[in-house]
Amino acid sequence: MAVTALALNHQLLFFSYPKKRAKSRPLFPKKATLLNSEKKAHIFIVSCSSSSTSPSPEANNQTAESCVNLGLSLFSKGRVKDALVQFETALSLDPNPVEAQAALYNKACCHAYRGEGRKAADCLRTAVRDYNLKFGTILNDPDLASFRALPEFKELQEEARLGGEDIGYSFRRDLKLISEVQAPFRGVRRFFYVAFSAAAGISLFFTAPRLFLAFKGGDGAPDFLETAGNAAINIGGIIVLVALFFWDNKKEEEQLAQISRDETLSRLPLCLSTNRVVELVQLRDTVRPVILAGKKESVSLAIEKAERFRTELLRRGVLLVPVIWGEGRTPQVEKKGFGVSPKAAAALPSIGEDFGKRAQSITAKSKLKSEIRFKSEVVSPEEWERWIKDQQKSEGVTSGEDVYIILRLDGRVRRSGKVRTYVGKLC
């Protein structure tokens, strides 16, 4: 979990790597873009004083900061219910925006841990709307994996995509920035739609009286057919331009929905043949993932057929990702506090402090590429299944049908079809 710990009385934040000198970190990791990986680590609060004892829950001078920090400490000991009480107390102590965001986010993670999806969604909605929590943080946090598999997350994501008073517009603004990069001339087109519609409307405004005079007849009246033709052209132009404007808006909404799905897809975790867990975004520009989703018999048969072309598929950088309907297992959450253990963190390069630099190095990419062996296993199968069914719905395919989905090197969907035909498509 992206632990949001607050510095109490200028305390130092240290990483919990045993027997190593700790490094200080900011309270909230900065996000460069929506598509960047989130950096995370275990965070413990070490007081500058010589005393190493934790503050008592019964301390006289409680503040929002101390309650948040105490809540994190309690959760690290497996006392989730007590941690939840501390986060709720922090919200009742007139917290500043940073403290309120921290309390709400960690409270949401407690609810997600307890399987309370609706309460977790309410906390996250408030944090996004009122305290500028980036929705990308919710997408990136592995401790919210169980929540992202729930229908409450789908509702929250759809609200964030559409924007509104209940959740704010920050996530929609991020999506629109990406949309503008992919379709840079949409704004120009809309300008001309509006300008030409306005011109046609002004022309119609002056043509209407002339049409009335032409219909009435008399001396000096304009020609009726000519005037009616001009009015018809203006009306037709307005109808066409308005239709194009709304069609462009519809396409933009479809594009935003696809970008949102692509962002969700990029954060889905995989387990490579070396038991290393990575997010799909880390494989960009390295392999071409092919998702095989369906019944166990269909997927097994497809993989068996693909084995015949193993050499060719490996040469082309294809990585098979099988997803079996209904075989998703709820991830087991260890009661060790937020985030993952130091050992697990070492296996999650997207979470490590210096992964942003290592991922860009040739050495790191070569090492990652050497670990890829034709087929991987999905982590958090419920998330994968939910994403695939959302993608099927967007393409008008019957939900739950056996399908394959081929991704580009940049992680976007290239094409899809029925599982039984995918071997021919690949080769």
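Axes here are lines fitted to C-alpha atoms, for helices over the stretch in contact, and angles run from 0 to 180 degrees between N-to-C directions. Helices (H or I, at least four residues) and strands (E, at least two) are DSSP runs, numbered from the N terminus. This is a predicted model, in which local features need pLDDT of at least 70, side-chain atom pairs count only at pLDDT 80 or more, and totals for chains, interfaces and linings use all residues. Residues are numbered from 1 along each chain as its sequence is written, and side-chain values use heavy atoms, with hydrogens and water left out.

Start with the whole chain. The protein chain has 17 helices and nine strands. Of its 427 residues, 43% are buried (under 20% relative accessible area; exposed is over 50%, partly exposed in between, with a 1.4 Å probe and protein chains only). Residues 24 or more positions apart account for 70% of them.

Next, look at a pair of helices. Two packed helices are described by the angle between their axes and the distance between the axes. Helix H3 (residues 97-113) packs against H4 at an angle of about 160°, and their axes are 8 Å apart. That makes H3 roughly antiparallel to H4 (over 145 degrees; under 35 is roughly parallel, 65 to 115 roughly perpendicular, and the rest oblique). The crossing of H3 and H4 is left-handed, a term for a near helix turned anticlockwise from the far one by less than a right angle, with clockwise being right-handed. Which residues of H3 and H4 make the contact? On H3 they include Leu104, Tyr105 and Ala108. On H4 they include Ala120, Cys123 and Leu124. By class, the contact of H3 with H4 has eleven nonpolar, three polar and two charged residues. Ala, Val, Leu, Ile, Met, Phe, Trp, Tyr, Cys and Pro count as nonpolar, Asp, Glu, Lys and Arg as charged, and the others, Gly among them, as polar.

Now follow H4 to its end. Asn132 is in the loop between helix H4 (117-131) and helix H5 (135-140). Most residues other than glycine have a negative phi, and most peptide bonds are trans. Asn132 has a positive phi of about 60°, although it is not a glycine. Asp285 also has a positive phi, of about 65°, and is not a glycine. Asp285 lies in the loop between strand E4 (277-279) and strand E5 (288-294). Is Asp285 buried or exposed? At 57% relative accessibility, Asp285 counts as exposed.

Four strands form an open sheet with mixed pairing, in the order E6-E5-E8-E9. Two strands pair if DSSP finds at least two bridges between them. Strand E6 (318-324) and strand E9 (413-418) are the edge strands, each pairing on one side only. On average, neighbouring strands of this sheet are turned by 15° against each other, direction ignored. Helix H16 (residues 381-394) packs on the sheet and touches E5, E6, E8 and E9. The direction of H16 makes about 90° with that of E8.

E5 and strand E8 (residues 403-407) run antiparallel, joined by four bridges. Leu292 has Tyr404 in E8 as its bridge partner. E8 and E9 also run antiparallel, joined by five bridges. Here Ile405 has Ser416 in E9 as its bridge partner. The hairpin of E8 and E9 has five residues between the strands, and in this hairpin Gly411 takes a positive phi near 95°.

Methods
Contact means heavy atoms within 4.5 Å.
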